[in-house]
Amino acid sequence: MPIGDFLTGAALVGYTLPQLHTGKSWYVDFFAWDPVSERMKRKKYMLDRCKTVSERRTMASLLITSITHRLLKGWNPFVSSDSTRHLTAFDDVLKKYRDYISSMEAKGTLKQKTAYDYLSRVGTLETYISECHVRISFAYQFDRGFVVDFLDYLIMDKDVSATTRNNYRTWLSTVGTWMVERKFISRNPVEDVHMLRESEKKRDAMSKSALTRMREYLYKNNKHFLLACMMEYYTLIRPDEMRHLRIGNVSLERKEVTVPAEVAKNRKERTVGLNRKVIHLMVELNIFDAPSQYYIFGENLKPGPEMTYLNSFRYEWGKMRKALRWPDSYQFYSLKDSGIRDLANAQGVVVARDQAGHSDVAVTNRYLKKGSVVPDSVKTFEGDL
């Protein structure tokens with residue numbers, strides 16, 4: 001157990017005081033925290049070059065005094081002076097960035113809207129770190145892997161467009177440059193991350209045979225995940241919105257489900273039709289036997305007091321995709337692509353637009369390569385799932 005410590009930013013770095021060891025070999029050693037390997041590492045100074053016991057004890061005394069003094073002053077043998085700022089707590093980096101943006105806005109260097117957008121993106125980044133339990137403690141951990149994972153989260157879990165994803169990539173690059181200038185990192189990792197083509201899609205809509213195969217496989221192996229897939233296909237509710245749904249948001253009488261404003265992407269409440277196939281499966285799974293305040297998808301995707309974790313749908317989809325030997329282009333959100341396509345073909349693009357909660361038919365058309373009144377055609381739509 002370390003008996004001393006010092007602070008680098010907000011991160012606690014431990015060490016042990018140096019000690020003399022005698023025997024076949026004489027040496028002084030101590031342990032200090034290595035931030036790269038994230039563990040205590042041993043530092044050892046050999047004294048065998050001193051020929052006599054007296055010389056060894058004298059040298060050991062000098063070493064122990066010097067090392068102890070340096071440790072107390074904040075020295076770490078595993079951190080060079082050039083990389084000390086790399087160990088600044090990432091939370092502190094974001095706080096300094098916020099202060100910088102606010103200062104630039106106050107001086108008129110940044111427009112108010114630009115400053116607001118930048119600070120909003122910091123909030124999205126912090127939400128990602130919190131919800132996905134991302135391990136990033138120090139500034140140097142802002143690397144290419146972290147950036148790519150965050151951008152994938154925006155595309156796959158938040159369903160942003162390629163344009164929005166690229167805007168975040170550009171913003172992250174400015175953050176990386178800002179961090180380099182302040183020596184929090186040595187180089188900007190965002191430079192190696194490519195932009196997506198605006199028309200580029202990382203997923204494909206699913207064929208009728210694929211939907212049938214999925215239904216048969218999940219009905220046998222995981223009915224609760226089948227419910228999630230059917231809701232995605234028929235209701236077109238975004239995955240992040242869907243995991244926030246409570247049983248009380250469903251109206252069996254009206255065959256509708258309401259997405260509350262506080263969980264909706266656009267912060268506007270909307271009500272969509274609930275297909276009878278979905279209702280039948282919910283009844284079969286005894287969903288409505290649970291309290292109305294329970295989340296439809298809790299632990300193990302069953303009703304519960306706590307909503308399922310952020311990537312649960314994508315995780316279960318990955319297991320199924322592997323079992324069915326599907327291509328990577330078949331993703332959980334492919335169900336929404338497929339649902340919009342099939343609903344538009346059956347009932348028209350306007351019906352599909354309203355069910356998907358899109359602001360314009362042009363948005364709905366991108367899925368094809370709002371009112372509060374739900375059309376009956378949505379509730380009787382016979383899809384392929």
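Colleague: Hi! What is the relative accessible area of Pro77?
Modeller: Pro77 has a value of 22%, so it counts as partly exposed. Buried is under 20% relative accessible area, exposed is over 50% and partly exposed is in between, with a 1.4 Å probe and protein chains only. This is a predicted model, where local features need pLDDT of at least 70, side-chain atom pairs count only at pLDDT 80 or more, and totals for chains, interfaces and linings use all residues. Residues are numbered from 1 along each chain as its sequence is written, and side-chain values use heavy atoms, leaving out hydrogens and water.

Colleague: Thanks. And where is Pro77 found?
Modeller: In the loop between helix H1 (53–72) and helix H2 (90–106). Helices are DSSP runs of H or I with at least four residues, strands are runs of E with at least two, and both are numbered from the N terminus.

Colleague: Which residues is Pro77 in contact with, leaving aside its neighbours within four places in sequence?
Modeller: Phe30, Ala32 and Lys43, where contact means heavy atoms within 4.5 Å. The C-alpha atoms of Pro77 and Ala32 are 7.5 Å apart, although 45 residues separate the two along the chain.

Colleague: Switching to helices: at what angle do H4 and H5 pack?
Modeller: About 155°, with the axes of H4 (residues 144–156) and H5 (residues 162–181) 9 Å apart. That makes the two roughly antiparallel, a label for angles over 145 degrees. On the H4 side, Val147, Phe150, Leu151, Leu154 and Ile155 take part, meeting Ala162, Arg165, Tyr168, Arg169 and Leu172 of H5.

Colleague: What about H6 and H7, how do their axes sit?
Modeller: H6 (residues 208–221) packs on H7 (residues 223–235) at about 150°, and their axes are 7 Å apart. Among the residues that meet there are Leu211, Met214 and Tyr219 from H6 and Phe225, Cys229 and Tyr233 from H7.

Colleague: New topic: what is phi for His133?
Modeller: Near 55°, which is a positive value in a residue other than glycine. Most residues other than glycine have a negative phi. His133 sits in the loop between helix H3 (112–131) and H4, and is exposed at 68% relative accessible area.

Colleague: And where does Lys183 lie?
Modeller: In the loop between H5 and H6. Lys183 also has a positive phi, near 65°, and is exposed, at 55%.

Colleague: Last one: are the residues on the faces of strand E8 buried or exposed?
Modeller: Buried on both sides of E8 (residues 270–273): Arg270 and Val272 on one, Thr271 and Gly273 on the other. Strand E7 (residues 256–259) runs antiparallel to E8, joined by four bridges, and Glu256 stands opposite Gly273.

Definitions and conventions. Axes fitted to C-alpha atoms, helices over the stretch in contact; angles between N-to-C directions. Parallel < 35°, antiparallel > 145°, perpendicular 65-115°, else oblique. Pairing = 2+ DSSP bridges.
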